[in-house]
Amino acid sequence: MADLVLGIDAGGTFTDALIYCTETRSVLAHTKTPTTHDNLSLCLAEALETVLTNSKAARSEVSVVSVSTTLATNALVEDSGRPAGLITIGFKDDALNRAGLLRIGEHSPHLKLAGGHTSHGNAIQDLELAPIDDWLTEHDPWLEAYAVASSFSVRNPEHEDLASSFIRDRTGKPVTLSYELSSNLNAPRRATTALLNARLVPIINELVTAVEQSMLASGVTGRLMVMRGDGSLVSSEFVRNRPIETILSGPAASALGAATLSGLDDGVVADIGGTTTDVVMIAKGRPIAAPVGAVVAGHETMVSAVRAHTVGIGGDSRIQYLPLSNDPLSIGPTRATPLVVAAAERPSLITVLTHQLDRNLQRETDGVFLWIRDEIRLRRGLSQAEDEVLAKLGSSPEGMSLHDIATNRQGQNAINRLIGAGVVGISTFTPTDAAHILGVDKRYPIGAAAVGGKLLARQLDRFGNPLAATELEIAASVLQRVRDQVAETILTAAADQDALSEIQLSEVLKAQRSQANLTGRPNRLKIAIGVNGQVALVGAPAASLDPTIDGKWAIDSVIPEHHGVANAFGAAIGDIRLTHQITISAPRRGLYRVHLDEPLNFYDLQRAKQFAEESVDARLRSEMHLAGGVSCHITHVWDLEQAMVEERDLFVEATLSSTALGTP
């Protein structure tokens with residue numbers, strides 16, 4: 001292990017960096033820099049230069065740079081991945097109609113082909129490539145990547161490989177193959193994972209390239225590592241084609257970092273960021289893994305990751321005014337640039353908001369400011385409404401109010417599409433602004449927050465009453481609601497760990513809310529709900545959004561030293577952990593088929609098992625080298641499935657699960 005490790009967390013709101021000494025197990029310096037989404041190299045270069053200067057360490061002594069990131073997780077939560085196409089081969093209609101696959105594929109062109117293989121790896125029919133050519137002609141101009149999933153490709157990947165080679169030769173764009181991401185049989189879930197991966201490839205490639213450029217500019221030549229969602233590290237080369245494995249990278253890093261920083265052996269970690277709050281259970285000092293695969297924002301994947309509960313709520317959650325709703329304020333799941341931050345970068349914002357406040361009549365579009373972020377990101381054709389929005393914004397480099405750009409629903413829908421595509425930036429009142437009004441966050445001047453708070457407070461509910469009397473009142477209401485959502489996420493994670501459903505938990509929370517609304521008499525029933533064990537709160541907004549401030553919840557929280565950079569600390573102390581599975585099936589009695597890239601037959605089970613172990617051993621050592629490890633220790637575990645036939649054990653299937661552990 002290197003003497004000095006430079007840990008980085010590239011988050012949706014801030015980019016953190018620290019220098020960690022492995023000999024003394026101490027943090028030499030750390031820094032926090034606002035993430036510049038339009039150009040990641042800017043914030044990364046600033047973070048690296050600041051932390052290297054403050055640590056006074058020789059740059060040549062940094063031999064490992066380790067990165068965790070929430071960019072992939074945030075893209076799934078906000079549904080803002082890049083455009084990608086999906087090809088499925090040999091899928092039956094019931095598989096294609098699975099809710100998860102339908103949802104993720106709704107806005108992605110999808111080509112269905114005949115083909116695929118049987119459970120024993122035999123081709124059902126030859127794959128025809130001509131339909132792919134016609135499909136690419138129609139869709140390739142606006143797509144950035146592709147995903148291919150074939151039935152039983154984990155038993156024989158031939159058709160996925162053929163389709164991939166054709167697409168790469170034709171387009172030169174990245175192609176994700178489902179069998180390379182998971183060895184499990186669930187074809188719809190593999191297809192979902194592959195498509196999500198394809199949508200994330202450009203995002204993570206931009207991050208890796210930006211870190212490499214920043215390292216070069218700072219004179220750091222160490223090996224670049226990236227943390228995956230299971231808390232292990234891999235090299236940047238390894239993760240470029242498998243960015244889906246970085247979902248929950250941030251929660252994994254924060255769980256490792258928080259557990260170490262707080263000395264937490266068994267308990268809970270809640271990482272409160274700008275865009276999301278992630279809750280992870282800790283057992284024996286390490287995060288508990290998800291039993292099947294990571295689930296983020298309702299997307300069921302086959303990615304090995306920590307068992308995290310992620311909710312789109314944080315310091316920079318976008319607050320939207322919904323005048324006709326029972327609840328006129330919607331908080332999250334998307335993020336917005338806080339008014340206090342945007343005002344520092346765009347001075348005209350506070351002038352626009354002040355003019356809105358000086359009017360005697362409120363409008364539901366008040367308090368929303370927009371600007372062009374990156375028009376190049378829009379790879380597809382513009383609708384007329386989108387073209388009009390960009391034309392208006394282009395006339396004002398600093399940005400404009402929502403009301404000056406779009407006054408009808410069609411225009412506002414176009415703006416939301418452009419925001420989701422990363423083309424247009426948005427600033428609204430956020431919990432960060434509320435924290436500045438109440439004085440619990442003092443990083444920026446509060447002028448823009450105060451005006452934004454007044455604009456929001458004077459909006460009317462569906463009964464015609466103002467939402468609040470003052471900006472202080474609306475700020476307190478916003479923070480309390482966010483704190484309650486953080487607490488309920490912690491409780492949901494604890495209930496899930498105890499195998500209790502969300503419905504069961506929601507009944508208790510509903511009863512607690514009903515009791516809180518009773519006035520005029522003392523309560524006889526005492527309802528208290530919390531968690532056993534300590535809860536470590538980390539993340540920049542941890543202090544202002546601590547759900548235990550008012551004593552409403554039975555939660556024992558601690559905010560450890562370096563809590564604001566816990567993710568970067570977790571990335572710095574990670575190791576390399578690779579896993580792989582190989583299956584042996586029995587097409588008939590006495591024949592044992594080892595399912596590698598090309599299935600091989602054996603007539604002796606022990607010989608088949610030996611070959612499987614030798615093959616996966618060689619594969620893991622090769623992958624360990626690619627992942628950046630200098631050496632590794634490999635363990636093998638067999639799961640044998642047999643059936644009793646005529647009082648004799650009949651071999652059905654055997655699965656080898658192998659794990660390699662190494663250090664950068």
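This briefing describes selected helices, single residues and backbone features of one structure.

The model is predicted, so local features need pLDDT of at least 70 and side-chain atom pairs count only at pLDDT 80 or more, while totals for chains, interfaces and linings use all residues. Residues are numbered from 1 along each chain as its sequence is written, and side-chain values use heavy atoms, with hydrogens and water left out. Helices (H or I, at least four residues) and strands (E, at least two) are DSSP runs, numbered from the N terminus. Buried means under 20% relative accessible area, exposed means over 50%, and partly exposed lies in between (1.4 Å probe, protein chains only). Contact means heavy atoms within 4.5 Å.

**Helix 12 and helix 17**

- The axes of helix 12 (residues 348-358) and helix 17 (residues 447-457) come within 10 Å of each other and cross at roughly 30 degrees. Axes here are lines fitted to C-alpha atoms, for helices over the stretch in contact, and angles run from 0 to 180 degrees between N-to-C directions.
- Helix 12 and helix 17 are therefore roughly parallel to each other. Angles under 35 degrees count as roughly parallel, over 145 as roughly antiparallel, 65 to 115 as roughly perpendicular and the rest as oblique.
- The crossing of helix 12 with helix 17 is left-handed.
- By class, the contact of helix 12 with helix 17 has 7 nonpolar, 3 polar and 1 charged residues. Ala, Val, Leu, Ile, Met, Phe, Trp, Tyr, Cys and Pro count as nonpolar, Asp, Glu, Lys and Arg as charged, and the others, Gly among them, as polar.

- Helix 17 is mostly covered, with 9 of its 11 residues buried. The buried residues are Ala448, Ala449, Ala450, Val451, Gly452, Gly453, Leu455, Leu456 and Ala457.
- The elements that cover these buried residues include strand 17 (317-321), strand 18 (329-335), helix 11 (339-345), helix 12, helix 16 (431-437) and helix 18 (471-497).
- Leu455 belongs to helix 17 and counts as buried at 1% relative accessibility.
- Apart from neighbours within four places in sequence, Leu455 is in contact with Leu353, Gln356, Leu357, Asp366 and Gly367.
- Leu455 and Thr489 are 34 residues apart along the chain, and their C-alpha atoms are separated by 30 Å.

**The two sides of helix 5**

- Ile132, Trp135, Leu136 and His139 are buried in helix 5 (residues 130-139). They cover an arc of only 100 degrees around the axis, which puts them on the same side of helix 5; the arc is that of the directions from the helix axis to the C-beta atoms.
- An α-helix has 3.6 residues a turn, so residues three or four places apart point the same way.
- Ala130, Asp134, Thr137 and Glu138 are exposed on the other side of helix 5.
- The buried residues of helix 5 pack against strand 5, strand 6 (110-113), strand 7 (145-150) and helix 6 (158-171).
- His139, one of the buried residues, has a relative accessible area of 15%. The C-alpha atoms of His139 and Pro109 are separated by 7.3 Å, though the two are 30 residues apart along the chain.

**Two strand residues**

- Thr88 is in strand 5 (residues 84-89) and counts as buried at 1% relative accessibility. Not counting residues up to four places away in sequence, Thr88 touches Leu96, His110, Leu111, Lys112, Leu113 and Ala149.
- His30 is in strand 3 (residues 26-34) and counts as partly exposed at 39% relative accessibility. Not counting residues up to four places away in sequence, His30 touches Ala17, Leu18, Val51, His562 and Val565.

**Backbone features**

- Most residues other than glycine have a negative phi, and most peptide bonds are trans.
- A cis peptide bond, with omega about 0 degrees, joins Gly332 and Pro333. Pro333 is in strand 18.
- Lys56 has a positive phi, near 60 degrees. Lys56 is in the loop between helix 1 (40-55) and strand 4 (62-69), and is exposed, with a relative accessible area of 75%.
- Phe152 has a positive phi of about 55 degrees. Phe152 is in the loop between strand 7 and helix 6, and is partly exposed, with a relative accessible area of 29%.

Conventions
A crossing is left-handed if the near helix is turned anticlockwise from the far one by less than a right angle, and right-handed if clockwise.
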